[in-house]
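Please study the sequence and the structure shown below. The paragraphs that follow lead through selected parts of the model.

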Amino acid sequence: MNTPPSPSGAEHTDGSPIRLGALVPLTRPGWAEAGRHLLAGLDLAVREVNDAGGIDGRPLELVVRDTAADPERAAAAVDELADLGVAAVVGEYHSVVARAAAARADALGMPFLCSSAVLDALTEEPTEWVARLAPAQSHGWRIYADFLLGAGRRRIAVATQPSVYWTSGTRVLRDHLAPRGGTVLELDASLTPEALCDALVDHGATALLLLVGHPEPAVPIVRAVRSDRRLAEILIGAPAGQPEFAEWAAALGEDGAGVPFLRYLPERLGPLGERVGKELRERLGEAPSFVAFEGWDTVAVLAAVLRSHGTDRAAVAASWPRVAVEGTRGPIRFSRTPGIGVWQWVWAPVHVVDRDPAEPDRLRVLHAG
């Protein structure tokens, strides 16, 4: 692990802002809606910290960089933010982008608190510089596999695109389902929707999981499967969470209901979560996704760290194992988890949820992790 001298080590006493770098996908091909929710949570928490007097009288300031789901762009942004003197970097939604950011942060000696990306191997080697709030993919996707088994779905097809994230997810599903009598068939998402439907029929699949981008090719695949009478009984699932967002419902309407996904919220929020959720709804003009809560919790953790350990980057990174913060979704503490090289919150609440076909704007819990 590289530990170069920290350019932000000097403490300021003049009330100058403490800057936090924020990596957020705000433009295509990034999932811009997820980025908007993540930024809303980050920004709300920063404003609340500042309204309460800041960090020892110094305001927090977000320095936002749009990653557009581009790993190279994210890595370059970490370099830029380091030169700007930020105390830490936060954010990111896309796992492959967060992995690039984490590698660069580790190399520079920059604390990085990853808000929302789940890929287990966020770094190639263990690092002290990176911590993560989102549950690891292996944890959440095993819960999703248990949901499939409980629903009697054992012949699973996955429509997938080339990506380390989708490949990792497929492996998690296969490793968990195979010993329990399940099978996983991989279908190339570049197939036409009609050809994909034919393959599902030929295989006798009882579930199709969308390990693909949104809106393309997810939307045309869902429409094709929903309109194919041969597949009337198949379950369509999207473990990565695309149906959480209003954009999904707007694009698919009733066809987008009844598609189970992973959601990292408790079934019922506590008082803090309820208050923050209300504020987020007002900011967003819609129900906040779990990603917005992840953003708020990220800043809550870092504000506590900065108050107790100052802005020195090495001190911030050294504080991860001593974090004890009340988040919107429960008490947050970081620890070391086998097979994961970063400090990890074990675990945020995990539920399998879908949009109720009888009332698509309502989310219903199908399975608790």
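Where does Gly270 lie? Gly270 is found in the loop between strand E10 (261-263) and H9; helices (H or I, at least four residues) and strands (E, at least two) are DSSP runs, numbered from the N terminus. This is a predicted model, in which local features need pLDDT of at least 70 and side-chain atom pairs count only at pLDDT 80 or more, while totals for chains, interfaces and linings use all residues. Residues are numbered from 1 along each chain as its sequence is written, and side-chain values use heavy atoms, with hydrogens and water left out.

With a relative accessibility of 34%, Gly270 counts as partly exposed; buried means under 20% relative accessible area, exposed over 50%, and partly exposed in between (1.4 Å probe, protein chains only). From C-alpha to C-alpha, Gly270 and Ala358 are 27 Å apart in space, and they are 88 residues apart in sequence.

Two packed helices are described by the angle between their axes and the distance between the axes. Helix H9 (residues 271-284) packs with helix H1 (residues 32-51) at an angle of about 120°, and their axes are 10 Å apart. Axes are lines fitted to C-alpha atoms, for helices over the stretch in contact, and angles run from 0 to 180 degrees between N-to-C directions. This angle makes H1 oblique to H9, given that angles under 35 degrees count as roughly parallel, over 145 as roughly antiparallel, 65 to 115 as roughly perpendicular and the rest as oblique. On the side of H1, the residues making the contact (heavy atoms within 4.5 Å) include Arg36, Ala40 and Leu44; on the side of H9, they include Val276, Leu280 and Leu284.

The C-alpha atom of Leu44 is separated by 22 Å from that of Ala98, 54 residues away along the chain. Ala98 belongs to helix H3 and, at 0% relative accessibility, counts as buried. Beyond its neighbours within four places in sequence, Ala98 is in contact with Glu92, Phe112, Cys114, Ala117 and Leu122.

Also buried in H3 are Ser95, Val97, Ala101, Ala102, Ala105 and Asp106. Seen down the axis of H3, the buried residues fall within an arc of 165°, so they line one face of the helix; the arc is that of the directions from the helix axis to the C-beta atoms. Among the elements against which these buried residues pack are helix H2 (71-83) and helix H5 (164-177). After H3 comes Gly109, whose phi is positive, near 75°.
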